[in-house]
Amino acid sequence: DPYRVLRSTSMNRHFASRHVQLTTLASMQHIVLSQMMVYPDRLVACWEADTETPTELGQLFGWTDPAEFEVAYSNLFIVPSPITADDRKEITKDDHLKVYMDGMVASNNRIKE
């Protein structure tokens, strides 16, 4: 969820202001999308890896026993709470940054397609 990414990088960790993070993340997404179009047969990515049991993620990182990976993963991963409408409003500073957020969401959706 792009909103969760923005909250994590600009509110929980303060890498940069939300506006700067939005434009930076959207730029990075455009680079990813370009790379996907130029090199469609040479890509590896982890989208939607924040699930409770991403066994494919374990295989990608070389785990051969899915049960062992699930134990290790469950010790590290905390399921994030869903983003509510109020959260979205707070993340976009009462919708002042909504136009930028909408662009980031659209980029994210294009990549996932």
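Reply: **The salt bridges**

Happy to walk you through them, starting with helix H6. Asp102 and Lys98 join their side chains in a salt bridge, with 3.0 Å from N to O. The term here means a side-chain nitrogen of Lys or Arg within 4 Å of a carboxyl oxygen of Asp or Glu. Before going on, please note that this is a predicted model, in which local features need pLDDT of at least 70 and side-chain atom pairs count only at pLDDT 80 or more, while totals for chains, interfaces and linings use all residues. Residues are numbered from 1 along each chain as its sequence is written, and side-chain values use heavy atoms, leaving out hydrogens and water.

Back to the pair: because Asp102 and Lys98 are four residues apart in helix H6 (residues 98-112), about one helical turn separates them. Helices in this account are DSSP runs (H or I, at least four residues), just as strands are (E, at least two), numbered from the N terminus. Asp102 is partly exposed, at a relative accessible area of 37%, and Lys98 is partly exposed too, at 34%. For these words, buried means under 20% relative accessible area, exposed over 50%, and partly exposed in between, using a 1.4 Å probe and protein chains only.

By the same rule, the count comes to three salt bridges. In another of them, the side chains of Asp87 and Arg7 meet at 3.8 Å, N to O. This pair ties together distant parts of the chain, since Asp87 belongs to helix H5 and Arg7 to helix H1, 80 residues apart. Here both partners are covered: Asp87 is buried, with a relative accessible area of 17%, and Arg7 is buried as well, with 18%.

As for cover, Arg88 is partly exposed, with a relative accessible area of 32%, and Asp1 is partly exposed at 32%.
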